[in-house]
Amino acid sequence: MSKRVYCVAEFLPKEGKFDSLFQRLQALEPNTLREDGCIQYRVTRQIQSPFAEGKGFPIVFNEIWEDMDAFEAHCQRQEIVNFFQTFCLADDGLAAEWNVRVFSDEPNHYDAPKTIK
């Protein structure tokens with residue numbers, strides 16, 4: 001196992017804003033890939049398959065970070081803060097909703113959420 005952090009950041013664009021939001025998210029890739037501790041940082045869009053019909057937001061970042069410190073440093077970078085303020089939190093932003101979650105591959109991670117019964 002590792003100290004790696006796996007992040008899934010999902011975005012639901014506002015009506016008619018899919019391409020604009022996707023392009024803004026793609027623009028974050030080059031600088032982020034140069035950050036210390038960034039192993040993978042790729043924005044993807046959902047495609048159709050009869051073998052993968054799950055529900056979720058149609059734009060997803062798949063991220064892998066060396067450790068939690070690297071992930072949290074990324075989240076505090078001005079470029080990322082500005083993205084969320086401008087395109088997610090602002091009334092005239094491009095995202096209707098977003099959901100960012102982090103995961104570990106350690107089976108006994110100390111702060112894992114409790115399972116729902």
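The legends below describe close-up views of one predicted model.

Residues are numbered from 1 along each chain as its sequence is written. In this predicted model, local features need pLDDT of at least 70 and side-chain atom pairs count only at pLDDT 80 or more, while totals for chains, interfaces and linings use all residues; side-chain values use heavy atoms, with hydrogens and water left out.

**View 1. Four strands form an open sheet in the order β2-β3-β1-β4.** Helices (H or I, at least four residues) and strands (E, at least two) are DSSP runs, numbered from the N terminus. Two strands pair if DSSP finds at least two bridges between them. The pairing in this sheet is antiparallel. β2 and β4 are the edge strands, and each pairs on one side only. From one strand to the next, the twist averages 10°. Strands of a sheet pair through backbone hydrogen bonds, either parallel or antiparallel.

**View 2. β1 and β3 pair in the antiparallel sense.** The two strands are joined over 7 bridges. Val-5 has Trp-65 in β3 as its bridge partner.

**View 3. Helices α1 and α4 lie across strands of the sheet.** Contact means heavy atoms within 4.5 Å. Axes are lines fitted to C-alpha atoms, for helices over the stretch in contact, and angles run from 0 to 180 degrees between N-to-C directions. Helix α1 lies across β1, β2, β3 and β4, and runs at about 170° to β2. Helix α4 lies across β1, β2 and β4, and runs at about 140° to β4.

**View 4. Helix α1 has the buried residues Leu-21, Phe-22 and Leu-25.** Buried means under 20% relative accessible area, exposed over 50%, and partly exposed in between (1.4 Å probe, protein chains only). Seen down the axis of α1, its buried residues fall within an arc of 100°, so they line one face of the helix. The arc is that of the directions from the helix axis to the C-beta atoms. Among the elements that cover these residues are β1, α2, β2, β3, α4 and β4.

**View 5. The largest nonpolar core has 22 residues.** A nonpolar core is a set of buried Ala, Val, Leu, Ile, Met, Phe, Trp, Tyr and Cys residues joined through side-chain atoms within 4.5 Å. Phe-11, Leu-21, Leu-25 and Phe-83 touch the most other members. At least two residues of this core come from each of β1, α1, β2, β3 (59-65), α3 and α4. Apart from neighbours within four places in sequence, Phe-11 is in contact with residues including Leu-21, Leu-25, Phe-61, Phe-83 and Trp-98. In soluble globular proteins, nonpolar side chains tend to be buried together.

**View 6. Glu-10 and Arg-101 meet in a salt bridge.** A salt bridge is a side-chain nitrogen of Lys or Arg within 4 Å of a carboxyl oxygen of Asp or Glu. The structure holds 5 salt bridges. For Glu-10 and Arg-101, the N to O distance is 4.0 Å. Glu-10 is in strand β1 (residues 5-13) and Arg-101 in strand β4 (residues 95-103), 91 residues apart. Glu-10 is buried, at 14% relative accessible area, whereas Arg-101 is partly exposed, at 38%.

**View 7. Arg-45 forms a salt bridge with Asp-19.** Their closest N and O atoms are 3.9 Å apart. Arg-45 lies in strand β2 (residues 38-45) and Asp-19 in helix α1 (residues 18-26), so the pair ties together parts that are 26 residues apart in sequence. Arg-45 is partly exposed at 38%, and Asp-19 is partly exposed at 48%.
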